[in-house]
Amino acid sequence: MKNNRGFIRGALLGALTVLLIVGTVSCGVDLPGVRNIVRNAVKDEDSEDHTETVDSAAETKLELLEQLIDSYYMGDKDKEALTEGLYKGYIDGLGDPYSVYYDEEETEALQESTSGEYSGVGAVLTQDAETGMITILQVYPDSPAEEAGLEDNDILYRVNDEEVTGIDLTEVVSHIKGEEGTTVDITVLRGDAAEEITVTATRRKIEAVTVSYEMKEGNIGYIRVTEFDSVTYEQYKAALEELENQGMQGLVVDLRSNPGGNLDTVVDMLDLMLPEGTVVSMEDKQGEETVYSSDEEHKFTKPLAVLMNGYSASASEIYAGAIQDYGAGEIVGTQSYGKGVVQQIFDLRDGTSVKLTIAEYFTPSGRSINGEGVTPDVEIEYEPDENNPDYDNQLEKAIEVVQNK
């Protein structure tokens, strides 16, 4: 255990807390030898006077747990898995749903997801922060996911026989992605009856299609942005230019159920839309402020509406908040999610990484939307039409708002 002491001092308390809580609901069986192990550990602690630090107490407790596992645990011990579990537990102990430790496999998947290019099945996922339920938001056309039979709004239930509800979304994605040409089994629940369907998809190289667009009636442009990845800016810029070439008279930007993404990407996109000035500002732990600005080169002057809902978060809220503060367009839909904090990914130099919440952000007018969300200028709930599944009352309202400006 001596070789692990540096690690113990730096990483264990969160995981130990979880282990100890589990212990309080265990059956009180007194196995031979357990009392001696515990007694020896306590004796070692007492011999240190009473100056033992919290770190050394955690180290001693880990040694005790390892002895108990070695002496009594019936299953096999995977030391690497135990170590990774301790790192994860330590970060989990922060109680912050946005701060996460990623092992090597998860780090690689995270890098792929933020770049927008990866080997996978071609589907966009979102996770409910309260229930942990994962939903397929979008299946890319001509993707392995579509070819396997997955559909928008399917509830992801299992990946390769492992139930995924409540597991961190990035970890789930890392299991779906993989080497090109390999397969992954995906089980979903579909429809009101929650029909269980299992499909097999063959992974291949995917460039995330984060932007789609079309011209609506009355020359109203429509752009849907599903996430803010590194590839999104160029896709968004190309969509704007093409709609302009088609004679666009107004624009609807659809950010419904967009969970966010790259800060630099959304700032660059807003630079195409806003006059010179602040786009978003951040304040860190030390109270230091960082300001991101737009220049005077571009400015969108046509009527504009931005669609939002309760699953629009993070970078989506930065976009909508800035448009709203400048009066550049109207926000249509329902209150957004309210994620007004920024995370940074730190490379731990061994192939692993950690994502930590490092700052709170503010809209150009200085508003914090953390826990509040962006309030729409025109509030309208989505109401599905059973007789016409393609009808979208929120989109129709957004088009109406643009036409009347």
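Which residues does Leu-137 touch, not counting residues up to four places away in sequence?

Author: Leu-137 touches Val-124, Leu-125, Thr-126, Asp-152, Arg-224 and Ser-257, with residues up to four places away in sequence left out. Contact here means heavy atoms within 4.5 Å. A word on the source: this is a predicted model, where local features need pLDDT of at least 70 and side-chain atom pairs count only at pLDDT 80 or more, while totals for chains, interfaces and linings use all residues. Residues are numbered from 1 along each chain as its sequence is written, and side-chain values use heavy atoms, with hydrogens and water left out.

Leu-137 sits in strand β4, residues 134-139. Helices (H or I, at least four residues) and strands (E, at least two) are DSSP runs, numbered from the N terminus. Leu-137 counts as buried, at 15% relative accessibility. The cut-offs are under 20% relative accessible area for buried, over 50% for exposed, and partly exposed in between, with a 1.4 Å probe and protein chains only. Thr-226 is 89 residues from Leu-137 along the chain, yet their C-alpha atoms are separated by 8.6 Å.

Now step back to the whole chain. It has 12 helices and 19 strands. Of its 405 residues, 43% are buried. Take contacts between residues at least 6 apart in sequence: 67% of them join residues at least 24 apart. The chain exposes about 21500 Å², and carbon and sulfur atoms supply 46% of that. Such areas come from the Shrake-Rupley method with a 1.4 Å probe; for residues, only the protein chains shown count as cover.

Other buried spots follow. Met-308 belongs to strand β15, residues 304-308. Its relative accessible area is 0%, so Met-308 is buried. The partners of Met-308, beyond four places in sequence, include Leu-255, Arg-256, Ala-320 and Ile-331. Ile-380 lies 72 residues away along the chain, with its C-alpha 10.0 Å from that of Met-308.

Ser-281 is part of strand β13, residues 277-284. With a relative accessible area of 8%, Ser-281 is buried too.

Helix α10 (residues 263-271) is largely enclosed by the rest of the structure, because seven of its nine residues are buried. Those buried are Leu-263, Thr-265, Val-266, Val-267, Met-269, Leu-270 and Asp-271. Their cover includes β11 (220-225), α9 (232-245), β13, β14 (289-294) and α11 (315-326).

Next, charge pairs. Side chains of opposite charge can pair when their charged atoms come close. A salt bridge here is a side-chain nitrogen of Lys or Arg within 4 Å of a carboxyl oxygen of Asp or Glu. That rule gives 13 salt bridges.

Glu-106 and Lys-88 form one of them, at 2.8 Å from N to O. Glu-106 is in helix α6 (residues 104-115) and Lys-88 in helix α5, so the pair ties together parts 18 residues apart in sequence. Glu-106 is buried at 3% relative accessibility. Lys-88 is partly exposed at 21%.

Glu-151 and Arg-190 pair at 3.5 Å, N to O. They link distant parts of the chain, 39 residues apart: Glu-151 is in the loop between α7 (144-148) and β5, Arg-190 in strand β7 (residues 183-190).

Lys-302 and Glu-244 pair at 3.2 Å, N to O. This link spans 58 residues, from Lys-302 in the loop between β14 and β15 to Glu-244 in helix α9. Salt bridges with shared partners also join Glu-66, Asp-70 and Lys-77 into one network.

Finally, the loops and the surface. Most residues other than glycine have a negative phi. Asn-160 has a positive phi, near 50°. Asp-161 has a positive phi as well, near 70°. Asn-160 is in the loop between β5 (155-159) and β6 (162-163), and Asp-161 is in the loop between β5 and β6. Asn-160 is partly exposed at 39% relative accessibility, whereas Asp-161 is exposed at 68%.

Asp-76, Asp-78, Glu-80, Glu-104, Asp-347 and Asp-350 gather in a patch of negative charge on the surface. Patches are made of residues with over 30% relative accessible area and no salt bridge, with like charges joined within 9 Å and nonpolar side chains (Val, Leu, Ile, Met, Phe, Trp, Tyr) within 5 Å. Asp-76 lies in the loop between α4 (54-72) and α5 (79-92). Asp-76 is exposed, at 77% relative accessible area.

Conventions:
Lys and Arg count as positive and Asp and Glu as negative; His and the chain ends are not counted. The place of a charge is taken as NZ of Lys, CZ of Arg, CG of Asp or CD of Glu.
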